[in-house]
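Grab a pencil and let's work through a few exercises together. Each one gives you a task, then a solution in steps.

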Amino acid sequence: MATVDATASETSLVRYARWSLYATAASLPLYVVRWHYGPLPTTLLETLIIVTAVLYVGGRWREGRRRPVSTGYEIPIALLLLAGAISVLVAQDHRGALGLYRAYFIEAVAVFYIAVDLVRRSEEVQQLVLAFAIGSSLFALLNLVVFGQAVLAHNVHVGTAPNALYGDANYVAMYLEPPVALAVGLLIFGTTPRWRLVGGAWVLITGAALILTFSKGSYLALGALAFAMALSIPRWGVPILVGSAIAAFLVSRIPLVAERMSLTDVSIGGRLELVSGTMKMLRGSPIFGFGLGGYTFQFRGQIPEIYPHDIWLTFWVEVGLLGLIAFAVILFSLLWRGWRAWPRTGDFYRPATWGASAALVMWTIHGLVDSPYWKNDMSVEFWILAALVVVSAKSLAHGPTSHA
């Protein structure tokens, strides 16, 4: 009852902030829309985040609330932000590093704190997930259309799969993995048949687009998702694994997918070369790394790489050992907290917690061969997943506040 009263007493600015947050979650791919305010570059996504933050701060200020909510992650987040600030100073291009720090850390963490405060009730979690579903589905459909056009034009190259907006199919794949995991959570644990239907449609759209990115890292992450499903539903564990194996075999027989899977030298050997080269470079700056935006590697002497295609190495080179350790604490704590909480949650918290936790598993597995987090959309996406885990875990302390 207290939650309902608190919601009823909210200022209009806070309610607008909540809807602005939903719009932000639906619009993550729109960071590609860019312009300048004089000398200052910005994106549509950044503008939405700033509008959300201004509405939120203004609304809470009017209510007399001047301190951010407690999440349990204040110390590692503070250390991560400190590491990022140090990395701005370490970087050779301070202006460029400051832009990365603002987008990947300050704004993304702000979204986390706003979401934890404004998305508390089961209905609000539903609305946030639904906004994410709408935005990611539209983006996935756009990618499917582009892929279809490429097929009709006989212009599909599996090494550089056709994609929309991002210009790199790997970026599309890493963004789409969390929606796929959340969709599976809805499909399996949805509170009503309607929500399970939404989950099914969502996973078909985003799953198809994900497969057609031809990302081997995503295929590996999908395997991890299958194991998470099997472990979550023990009585269906064997059928899920067998069905997943059969589905993987059938998909691998699709000519374009089979062609992509046969290309092993560049993807595996190339990543090993990147890791080896990066470790040698780090010997010169093992504590602070190279600063935000400071890493460059000439792959095979001619292809510039801005990240070492490993999430842990990327954090090391970008924000140093302090940032690497702080992020590891945050990620593994979220995984522990989410997987402990989801079986005990009720209402819509249950599919949301399972989906967010499974998304972090996929994200972690893919991070062994690529660098998720290090794009405008993915950094905010990570902190939205973190907020879903924290909010759902917190619901256990107070009991369900509403029913879907």
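**Exercise 1.** Find where W19 and Y22 lie, and work out what kind of aromatic pair they form.

Step 1: Start with the helix. W19 and Y22 both sit in helix α2 (residues 12-26), 3 residues apart, about one turn of the helix. Helices here are DSSP runs (H or I) of at least four residues, while strands (E) need at least two, and both are numbered from the N terminus. This is a predicted model, where local features need pLDDT of at least 70, side-chain atom pairs count only at pLDDT 80 or more, and totals for chains, interfaces and linings use all residues. Residues are numbered from 1 along each chain as its sequence is written, and side-chain values use heavy atoms, with hydrogens and water left out.

Step 2: Now the rule. Rings of Phe, Tyr and Trp (its six-membered ring) pair if their centres lie within 6.5 Å; planes under 30 degrees apart are stacked, over 60 edge-to-face, and the rest tilted. That rule gives 34 aromatic pairs. One of them is W19 with Y22, which is edge-to-face, at 5.0 Å centre to centre and 85° between the planes.

Step 3: Check the surroundings. W19 counts as exposed because its relative accessibility is 54%, and Y22 counts as buried because its value is 3%. The cut-offs are under 20% relative accessible area for buried and over 50% for exposed, with partly exposed in between (1.4 Å probe, protein chains only).

**Exercise 2.** Why is the pair of W339 and W354 edge-to-face?

Step 1: The ring centres of W339 and W354 are 6.0 Å apart and the planes meet at 90°, so the pair is edge-to-face.

Step 2: This pair links distant parts of the chain, with W339 in helix α13 (residues 311-341) and W354 in helix α14 (residues 349-366), 15 residues apart.

Step 3: W339 is partly exposed, at 25% relative accessible area, whereas W354 is buried, at 0%.
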